[in-house]
Amino acid sequence: MKKIVYQMVNAFVLLAVLVYFYLEYQQALVEFFGIKIVYLLSLAIVVILVNGLKAFRLFFILSSNKITAREYIKQYCKTVPVSMLVPLKLGDVFKVYCYGYQLKNYFAGMVYVLIDRFFDTLALLTLIIIVTFITRVPFLFVIYLLLFFVFCVIAAYVLVPSICRYWKKHLLHAPGTSRSLRLLSLISKVERITGSIYEVMKGKGAIIYAISLFAWVIEIAGAILLWKIMTGVVDISILSDYLSAAIGIGESAGSQYFVLASIILLLCTYIIIRLFGREKE
């Protein structure tokens, strides 16, 4: 029954996203396929490199779990276009659902996606802060929201283990009731998950951050280079516009082309894997 529900949710979400993609980007698609082949090839190289790095980052985070490379690529190619198209990163809910189903633990799926999003945001904020100091442009409100998100994740990382220890000690000395046993079971699950997070952060954190930073540098440098090739003009404002578009503020032709190319590449890869892959969902 769970498998049927999972497949139905997948079919509904992907169909809805495809319809939205066509309606929202119809004109942009016409313009996209109208640009010169050399620009498309340049963009394709950037898209493959960036998505390859980001895909490897999450696979690296999930490496302690039993998920095959083929199944992971299928999940990645299916969920990332949804995350790109759905506003305010709400598409990550679908990503959590898919990885949670695959790992047979939805809370673990949420945590791993959160770690991936945390390092992606941290790397992006690093570049935004550097560019802001160079251009001397005031911080936008959304940047403070992203900083608040990073702060909350770090605070949870530091505080949750001590909170769990406190309540575990308290419940172990309290009268044994069904409610206290359920709470102890929940705390045990949280401790297992936080233990996994500590292992990821301690052993892989620096590498994950470096991968995230490298991916953003390639994406932004590729967008600027492509804009230079297409228009013959390059300006620091292009960098600011691209970073603003990356966090959902304003529009950038380079960002829009990157999203279009990424969605086309990932969905085509997903379809090929579904058609010729043998592993079951």
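Helices are DSSP runs of H or I with at least four residues, numbered from the N terminus. The views below all come from a predicted model.

Figure 1. The protein contains nine helices and zero strands. Its elements follow one another along the sequence in the pattern α-α-α-α-α-α-α-α-α. Of the 281 residues in the protein, 44% are buried. Taking the contacts between residues at least 6 apart in sequence, 73% join residues that are at least 24 apart.

**Figure 2. Helix α3, residues 69–85.** The helix has 17 residues, and at 1.5 Å a residue these should span 24 Å. The end C-alpha atoms of α3 are 25 Å apart, which agrees with that expectation. Helix α3 is mostly covered, since 13 of its 17 residues are buried. Two of the partners that pack on α3 are shown in the next two views, namely α1 and α2.

**Figure 3. Packing of helix α1 on helix α3.** Two packed helices are described by the angle between their axes and the distance between the axes. Helix α1 (residues 2–32) packs on α3 at an angle of about 50°, and the two axes are 10 Å apart. This angle makes α1 oblique to α3. The crossing of the two helices is left-handed. From α1, the contact is made by Tyr6, Asn10, Val13, Leu14, Val17, Tyr20, Phe21 and Tyr25. From α3, the residues in the contact are Gln75, Lys78, Val82 and Leu85. By type, the residues of this contact divide into nine nonpolar, two polar and one charged.

**Figure 4. Packing of helix α2 on helix α3.** Helix α2 (residues 37–61) meets α3 at an angle of about 115°, with the axes of the two helices 11 Å apart. The crossing of α2 and α3 is right-handed. On the α2 side, Asn51, Lys54, Ala55, Leu58 and Phe59 make the contact. On the α3 side, the contact is made by Ala69, Tyr72, Tyr76, Val80 and Met84. These residues divide into eight nonpolar, one polar and one charged.

**Figure 5. Packing of helix α1 on helix α4.** The axes of α1 and α4 come within 12 Å of each other and cross at roughly 150°. The two helices are therefore roughly antiparallel to each other, as angles over 145 degrees are counted in that class. Helix α1 passes α4 in a left-handed crossing. Lys2, Lys3, Val5, Tyr6, Val9, Asn10 and Val13 of α1 make the contact with Phe94, Tyr97, Cys98 and Tyr101 of α4. The contact of α1 with α4 comprises eight nonpolar, one polar and two charged residues. Tyr6, Asn10 and Val13 of α1 take part in this contact and also in the contact with α3.

Figure 6. Lys95 lies in helix α4 (residues 92–103). Its relative accessibility is 6%, so Lys95 counts as buried, the limit being under 20% relative accessible area. Apart from neighbours within four places in sequence, Lys95 is in contact with Thr79, Val80, Ser83, Val113, Asp116 and Arg117. Asp116 is placed in helix α5 (residues 106–135). With a relative accessible area of 5%, Asp116 is buried. Setting aside neighbours within four places in sequence, Asp116 is in contact with Arg57, Leu58, Ile61 and Lys95. Of the residues around this pair, Val80, in contact with Lys95, also belongs to the contact of α2 with α3. Leu58, in contact with Asp116, likewise takes part in the contact of α2 with α3.

**Figure 7. Arg274 and Glu71.** Arg274 is located in helix α9 (residues 253–276). At 43% relative accessibility, Arg274 counts as partly exposed. Arg274 and Glu71 are 203 residues apart along the chain, and their C-alpha atoms are separated by 9.9 Å.

**Figure 8. Ala108 and Val190.** Ala108 is found in helix α5. Ala108 has a relative accessible area of 6% and is buried. Ala108 and Val190 are 82 residues apart in sequence, and the distance from C-alpha to C-alpha is 9.4 Å.

Technical notes: Residues numbered from 1 in each chain as written. Predicted model: local features only at pLDDT ≥ 70, side-chain atom pairs only at ≥ 80, totals over all residues. Heavy atoms only, no water. Expected span 1.5 Å × (residues − 1). Buried < 20%, exposed > 50% of the residue type's maximum accessible area, 1.4 Å probe, protein only. Axes fitted to C-alpha atoms, helices over the stretch in contact; angles between N-to-C directions. Parallel < 35°, antiparallel > 145°, perpendicular 65-115°, else oblique. Left-handed = near helix turned anticlockwise from the far one by under 90°. Contact = heavy atoms within 4.5 Å. Nonpolar A, V, L, I, M, F, W, Y, C, P; charged D, E, K, R; others polar.
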